[in-house]
Amino acid sequence: MSTTKKVAGAALAAALGVSTLAACGGGDAKDESAGTSGAPKSKTVTLVSHDSFNVTEAVLKDFERESGYTVKVLKSGDAGAALNQEILTKGSPRGDVFFGVDNTLLSRALDNGIFTPYEAKGLGEVKPEFQLDKEHRVTPVDSGDICVNYDKQYFADKKIAPPQTLDDLVKPEYKDLLVTENAATSSPGLGFLLASVGKYGEEGWKDYWSKLKANGVEVVDGWEQAYNERFSGSAGGKKAKGDRPLVVSYASSPPVEVLYAEPQPAEAPTGVATGTCFRQTEFAGLLKGAKNEEGGKALVDFLISKKFQEDMPLQMFVNPVTKDAALPELFTKHGVVVEKPENVAPQTIAKNREQWVKAWTSLVVK
């Protein structure tokens, strides 16, 4: 994303006091074998990522044992900041693989030429709709939907049907109920702006936001403030006595609410307005100039392996992109399937993102 890339489930888990530390396979291992050129072959492969990367330690250890490589995870802030660092160090990267560039930043990453093309083993299992780069400079790893979430209890008490579409949000019955994040400072905020662009087009989205502003939308800096302080339906929101029953979050937020509730409820306390969503896809790529290119290729293969793809939902609260990966019961029982999310082509986003955000800021914030 242009600024913060925060996977909502991981952030919610942190807000609920749950540790989601990424598993790293120990420190750097010494070089023990020689490559074909006679130079030492590194036994360490480094993954550069945003802060929300996570994997079960046992799953990572299996990869290390099977591949012979030790994985070092270098977390580098949000996705935008991490990508900026790789662009600045182009040709002399800090690691071998970069994970976390999404479809809102993809064109920028590709235009700067920071990746070496590599067609990953197992790519045939990745669903075609996620394969946005035909040159295989990046490989799809996960997807997630930015959507408006609602507090079920609020709408039940008021005997009002919760909104389901973007059009619903400008209706009088939802006045002063929605809180969203700033599109200039937050990934979900930008995603929600892009949902409106996808729905109403480059000519119609401004008119939509004018109506949304007139209907009392509240804008805050980031996801944690919106979800944990202003939203009435979250665990964090209850503590802060938030009074907004609608919030821009993720389709994966309801399962996370169930996962970390004590005791676990039979039903998620929050719901998802499936007609308000924008789909994010995250990618990994082999960095140009990687010191351990072979290890990097093996790591990219691992990221789309069935073992990693099935581990990922409860570690990063995103959806797998491969056909053979099964979702955990928590997702199938309490999550939602977004059949028709809004999408905007990466090239269109790259061309217009800055001017859209500037126009949005002038219209909604100032």
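This is a predicted model: local features need pLDDT of at least 70, side-chain atom pairs count only at pLDDT 80 or more; totals for chains, interfaces and linings use all residues.
The residues concerned are Leu-123, Gln-131, Leu-132, Asp-133, His-136, Val-138 and Pro-140. The volume of the largest cavity is about 40 Å³. In total, four cavities of 30 Å³ or more were counted.

The second largest cavity also has a volume of about 40 Å³. Its lining consists of Leu-169, Tyr-174, Leu-177, Leu-178, Leu-212, Asn-215, Gly-216 and Val-217. By class, six of the lining residues of the second largest cavity are nonpolar and two are polar, with no charged residues.

Helix α2 spans residues 57-67. Within this helix, Val-59, Leu-60, Asp-62, Phe-63 and Glu-64 are buried. The buried set thus includes the acidic residues Asp-62 and Glu-64, both of the charged class, along with the nonpolar residues Val-59, Leu-60 and Phe-63. An α-helix has 3.6 residues a turn, so residues three or four places apart point the same way. The elements covering the buried residues of α2 include β4 (70-75), α10 (293-303) and α11 (306-311). Just after α2, Gly-68 adopts a positive phi of about 85°.

Terms used
Residues are numbered from 1 along each chain as its sequence is written. Side-chain values use heavy atoms; hydrogens and water are left out. Buried means under 20% relative accessible area, exposed over 50%, partly exposed in between (1.4 Å probe, protein chains only). Helices (H or I, at least four residues) and strands (E, at least two) are DSSP runs, numbered from the N terminus. Contact means heavy atoms within 4.5 Å. On a 1 Å grid over the protein atoms alone, a cavity is a set of points where a 1.4 Å probe fits but cannot get out, and a pocket is an open set with protein on both sides within 12 Å along at least five of seven lines; lining residues have an atom within 4 Å of a point. Grid points are joined across faces, edges and corners, and a volume is the space filled by probe spheres set on the points.
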